[in-house]
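Please look over the sequence and the model below before reading on. The paragraphs that follow lead through the chain one place at a time.

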Amino acid sequence: MRLGSRPATLGLLLLCAAAAGAGEAEELHYPQGEHRADYDREALLGGQEEVDEYVKLTPEEQHKRLKSIIEKIDLDSDGFLTESELSSWIQMSFKHYAMQEAKQQFVEYDKNSDASVSWDEYNIQMYDRVIDFDENTALDDAEEESFRLLHLKDKKRFEKANQDSGPGLNLEEFIAFEHPEEVDYMAEFVIQEALEEHDKNGDGFVSLEEFLGDYRRDPTKEDPEWILVEKDRFLNDYDKDADGRLDPQELLSWVVPNNQGIAQEEALHLIEEMDLNSDRKLSEAEILENQDLFLTSEATDYGRQLHDEYFYHDEL
C-alpha cells in the first residue's frame, strides 16, 4: 500500500474519485514540462465564466483592487510584505475558501432544508443511496471490503463531529466533519483513528516501517522512488524530534496536514522571484512591476481574490 502525505482515514473516498483525471490535468498544467500560468488562473478562478469576469476588469480596477489586497497583507503597515506576512495571508485565504466550499456543500447535502445534514443525506449526496455496512461482518471481495472499512471510518468521523448528538450535523459540525484540521475538538479522535490503523505494535507511536505500510524491502534491489520520497517526508517533515517514530502530535501533522508548509513555500517563491533589490521583502512597486506573477500565485488565489469583496473591500 502506498501512502501519501494524508492517509486514507480522512477522505480517500473522495481522493480516489479525483485521481482518475489527475494525469490529464497534469498534462494540461505542464504541457511538455512547461508550466502554464494561465492554467492556474483558469482552474482556480472556478471556470470560464469567472475567467471572462477577470478579463472584463479594467486595468485601473485591477490595479485598485490589487493595491487594496497588498495593504491588507501588510500587517504592520510598513510598506513592505515579508515572508511571514505573505504566508499568513495565504493560509487565511486557504481557510476562507475551504469554509466557503463547506458552506456550499452543506446546502447541497441538506436535502430537506432543515439546517442539518443527516448521515442518510450524506450518503445520498455521495452515493445516490443510503449505504449501511455491518461493522462486524467483513466482505469477501477485497475492493468491497476496502470500501466498507473506509465508509465505516467516515461514519465514525461523522458521529464524532456531531457534538450535540442531534439527528444530523449543523453547519459548524459539518465543517468539523469535512475539515477536522480546522477544529480543535476533532484532533484527539483523528489521532486515535490513525493509531488504530498504523500503530501495529500498539506502543502509541508510528515507526518508519509502520508509516510505510505494506512495503517490504527487497535487499537485492534499490528502493523505488516513491519509498525514497516517503522516507524523506517521515524523516524531515514529520519526525520533528528525530527519534525515529511519530508521537501523537507529529502523527497529527501527517494525518491532517495544515497549509502552513505550502503557504511558506509560496511566500518564499514570490520573494525570490519578485524581490528586485534583494532585501528579502516586497514593496508595492516590486509587486506592481511583477503584477502578472502575483496574480498567478497563491497570494491572490490566482487572481480570484480580485473578484471577492472579502479580500479587496476596505473592511476585512
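This is a predicted model: local features need pLDDT of at least 70, side-chain atom pairs count only at pLDDT 80 or more; totals for chains, interfaces and linings use all residues.

In which loop is Asn201 found? The loop between H10 and E4 holds Asn201.

A step back gives the setting. The protein chain has 316 residues, and buried residues make up 41% of them. Its secondary structure comes to 17 helices and six strands. If contacts are taken between residues at least 6 apart in sequence, 59% of them join residues at least 24 apart. The chain exposes about 18100 Å², and 47% of that area is supplied by carbon and sulfur atoms.

Helices H10 and H12 and strands E4 and E5 come up again around helix H13, which spans residues 248-255. Which residues of H13 are buried? They are Glu250, Leu251, Leu252, Trp254 and Val255. The cover over these buried residues includes helix H10 (187-198), strand E4 (206-207) and helix H11 (208-211). Helix H12 (225-238) and strand E5 (245-246) are also included in that cover. At the start of H13, Asp247 places a side-chain oxygen within 3.1 Å of the backbone nitrogen of Gln249.

Between H12 and E5 runs a loop, and Ala242 is found there. Its phi is near 55°, a positive value in a residue other than glycine. With a relative accessible area of 64%, Ala242 is exposed. Another residue with a positive phi is Asp128, at about 65°, although Asp128 is not a glycine. Asp128 lies in the loop between helix H7 (119-127) and H8. The relative accessible area of Asp128 is 71%, so this residue is exposed.

Helix H8 itself covers residues 142-161, and Glu145 has its place there. Is Glu145 buried or exposed? Its relative accessible area is 15%, so Glu145 is buried, the cut-off being under 20%. A polar atom of the Glu145 side chain lies 2.8 Å from the backbone nitrogen of Leu139. Neighbours within four places in sequence left aside, Glu145 is in contact with Ala138 and Leu139.

The last stop is a pair of helices. Two packed helices are described by the angle between their axes and by the distance between those axes. For helix H5 (residues 59-73) and helix H6 (residues 83-109), the axes come within 9 Å and cross at roughly 110°. H5 is therefore roughly perpendicular to H6, a description that applies to angles from 65 to 115 degrees. On the H5 side, the contact is made by Ile69, Lys72 and Ile73. On the H6 side, Glu85, Leu86 and Trp89 take part. What classes of residue make up the contact of H5 with H6? Four are nonpolar, two are charged and none is polar. In an α-helix there are 3.6 residues a turn, so residues three or four places apart point the same way.

Notes: Residues are numbered from 1 along each chain as its sequence is written. Side-chain values use heavy atoms; hydrogens and water are left out. Helices (H or I, at least four residues) and strands (E, at least two) are DSSP runs, numbered from the N terminus. Buried means under 20% relative accessible area, exposed over 50%, partly exposed in between (1.4 Å probe, protein chains only). A polar contact is a pair of N or O atoms within 3.5 Å; within protein, one must be able to donate a hydrogen and the other to accept it, and residues adjacent in sequence count only if both atoms are side-chain atoms. Contact means heavy atoms within 4.5 Å. Accessible areas come from the Shrake-Rupley method with a 1.4 Å probe; for residues, only the protein chains shown count as cover. Axes are lines fitted to C-alpha atoms, for helices over the stretch in contact, and angles run from 0 to 180 degrees between N-to-C directions. Angles under 35 degrees count as roughly parallel, over 145 as roughly antiparallel, 65 to 115 as roughly perpendicular and the rest as oblique. Ala, Val, Leu, Ile, Met, Phe, Trp, Tyr, Cys and Pro count as nonpolar, Asp, Glu, Lys and Arg as charged, and the others, Gly among them, as polar.
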